[in-house]
Amino acid sequence: MKHFSFFVLCCLAGIAAAADYRDIEARVVPVPQKIEVASRAATPLKTEMVFQIQSPLKAEEVSALVTDDAKQYWHIAPQVICEKGGEKVSDEGYLLDTTKSEIVITASSLSGVRNALCTMRQLAEPERGVAKGCGFVIPQVKIDDFPQMKFRAFHFMLANRQPLWKAERALRLAAYYKYNYFVLEFWGNIQFDRHPEYAYDGAYPQSEIKKLVALGKTLGITLIPQFQIFGHAGCGGINGGKHVLLDKHPEYAPLFEPSGWTWCLANPAARQYIEDCALELYELFDRPPYFHVGGDEAYNAGSCSLCRADGKYWQKVADHFNYFQKLFAKRNCRILMWHDMLVRRDAPAWKGSTANGDENCDKLRAALDRDIIICYWEYRFADHHYRAPKDGVPGFPIFDFLRKEGFDVVNSGWMYDTTPALGEKAFKNGGLGIMQTTWGQFTNSGNYYTMLAEGSTSGWNPTAEYKQVIDQKIFTVDLLNKCVRDVNYDMKITDDRTSTL
Ligand SMILES: [Zn+2]
């Protein structure tokens with residue numbers, strides 16, 4: 001009896017194990033809408049294989065993409081057969097079927113085909129049971145996948161003279177994880193033609209940045225430039241006092257408030273200076289649909305003798321942002337700005353939330369053009385903790401407030417637990433999308449798990465079952481390192497000092 005029970009238990013465990021494909025399902029990041037693993041048995045990805053692509057796209061275009069990616073990802077040159085179909089699949093979405101001898105992808109857009117190939121790359125295993133080999137096998141799956149939000153941005157700051165290839169790797173990883181926008185902030189690390197003095201030594205020439213913008217196009221991710229038009233004007237941290245312009249050129253001090261941190265909005269020369277730089281970036285980024293103007297943490301704003309002379313500094317701030325809104329709207333481009341200077345720091349309603357505005361910010365918001373998109377960043381929950389409280393997720397009252405006032409809002413998390421909750425909040429309450437920030441912390445796997453995996457799921461599949469997200473973390477936190485390696489291969493990074501983030 002004892003032996004029999006043990007036998008039955010073993011059988012049951014065997015059945016349970018055979019049906020448990022969570023490890024395979026969890027490989028796909030962001031969490032897909034629907035994935036069915038038919039079998040753990042894997043099909044070799046070989047050159048003799050057929051990739052059948054059903055889409056309304058031009059055959060040459062699809063064929064070139066699939067051929068290039070198959071060569072890059074799996075070192076194969078499969079036969080690509082293009083057929084008409086896929087019109088009903090949503091933009092960026094895809095159907096993938098690897099259960100037959102051929103790979104079948106259905107999509108309505110090139111982004112959809114590209115996303116299916118990224119998913120396949122995440123699913124594929126190196127060939128099994130040999131001492132050496134560069135082949136791959138893929139498990140048998142059927143996937144129906146699409147993004148629930150259209151705006152999914154990854155924010156990267158090129159601070160502290162980071163080498164440019166780090167921005168390239170972040171861009172490639174963001175595309176790999178199906179983000180569709182990449183916000184690049186320079187912090188004095190780009191050379192402007194009209195204002196060459198506004199750059200640190202060793203700043204990057206625009207020709208180098210142009211390559212990144214072009215690379216984004218081939219990866220299906222749109223780059224958005226950022227230029228701070230309010231605070232953070234010196235392109236240095238608040239601690240340390242470095243200033244990109246004033247350290248070497250004290251004669252430019254009138255452009256800023258006395259501390260140098262914030263532009264002086266009463267000075268027309270400051271606005272012209274900003275406009276020169278912003279329009280250069282806009283052209284360099286090939287006239288993107290969005291431009292980020294910063295706007296956070298504008299300490300000592302309006303502290304000079306001129307700014308507050310008429311007691312209406314809030315009007316100057318509104319005029320300033322509205323000016324740039326119109327400047328870009330004429331070019332079919334919407335500006336994005338951070339939220340914190342727009343909500344009053346001492347309001348009881350925002351206790352525990354991020355708010356840096358003064359007593360006049362109600363008037364400031366009322367005067368702002370509603371075409372401006374507000375990026376609401378919240379890195380902690382309202383009880384001042386960095387982790388989700390056990391009794392549920394607080395409601396992000398500032399998001400609701402800004403929406404009620406008629407603003408389009410994008411939610412921004414960082415390296416803590418607010419990221420998934422902010423995605424869900426945006427999706428269920430009419431938010432425009434998400435913008436995952438990194439702030440110099442995109443350096444180790446613990447952090448980039450949150451930024452890449454949770455961030456991408458928060459925009460792609462914000463209503464994913466919490467259990468799926470947890471399963472994914474259990475099974476894939478180490479697979480992210482494999483994805484970093486994939487991108488290193490793409491970039492031919494072989495030096496072990498630079499192979500990790
Ligand atoms: Zn001033």
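Modeller: A residue is called buried if 20 or more other C-beta atoms lie within 10 Å of its own, exposed if 12 or fewer do, and partly exposed in between, with C-beta atoms placed from the backbone. The model is a predicted one: local features need pLDDT of at least 70, side-chain atom pairs count only at pLDDT 80 or more, and totals for chains, interfaces and linings use all residues. Residue numbers start from 1 along each chain as its sequence is written.

Biologist: Is asparagine 300 buried, exposed or partly exposed?

Modeller: Asparagine 300 sits in the loop between strand 11 and helix 8 (313–329); helices (H or I, at least four residues) and strands (E, at least two) are DSSP runs, numbered from the N terminus. Its phi is positive, about 55°, although asparagine 300 is not a glycine. With 15 other C-beta atoms within 10 Å, asparagine 300 is partly exposed.

Biologist: And is arginine 287 buried or exposed?

Modeller: Arginine 287 belongs to the loop between helix 7 (268–284) and strand 11 (290–292). Its phi is near 50°, a positive value in a residue other than glycine. Its C-beta has 12 others within 10 Å, so arginine 287 is exposed.

Biologist: Which element gives the largest share of the side of domain 1 that touches domain 2?

Modeller: The chain is divided into domain 1 (21–145) and domain 2 (151–491), with bounds from an automatic or database domain assignment. Across the boundary, 17 residues of domain 1 are in contact with 21 residues of domain 2. On the domain 1 side, the elements giving two or more residues are helix 2 (22–25) and helix 4 (110–123). The largest share, seven residues, comes from helix 4.

Biologist: How many of the 14 residues of helix 4 are buried?

Modeller: Helix 4 reaches 20 Å from its first C-alpha to its last, close to the 20 Å expected at 1.5 Å a residue; the expected span is 1.5 Å times one less than the number of residues. Its buried residues include Val113, Arg114 and Leu117. Helix 4 is largely enclosed by the rest of the structure, because the number buried is 11.

Biologist: Which residue in strand 7 is the bridge partner of aspartate 97?

Modeller: Strands pair if DSSP finds at least two bridges between them. Strand 4 (residues 94–97) has three antiparallel bridges to strand 5 (residues 103–106), and these two form a hairpin with five residues between them. Strand 4 also runs antiparallel to strand 7 (residues 136–145), with four bridges. In strand 7, aspartate 97 is partnered by lysine 142.

Biologist: Through which helix does the chain cross from strand 14 to strand 15?

Modeller: Strand 14 (residues 408–412) has four of its five residues buried. It pairs in the parallel sense with strand 13 (residues 373–377) over five bridges, and two bridges join it to strand 15 (residues 433–436), also parallel. The β-α-β crossover is right-handed, meaning that, with the strands pointing away from the viewer, the path from the first strand over the helix to the second runs clockwise. The helix on this path is helix 11.

Biologist: Is valine 183 buried or exposed?

Modeller: Valine 183 is in strand 9 (residues 181–185). Beyond neighbours within four places in sequence, its contacts include Phe156, His292 and Met435. With 26 other C-beta atoms within 10 Å, valine 183 is buried.

Biologist: To which proline does a cis peptide bond join valine 29?

Modeller: The residue is found in the loop between helix 2 and strand 1 (34–45). Omega of the bond is about 0°, and the partner of valine 29 is proline 30.

Conventions
Two residues are in contact if their C-beta atoms, placed from the backbone, lie within 7 Å.
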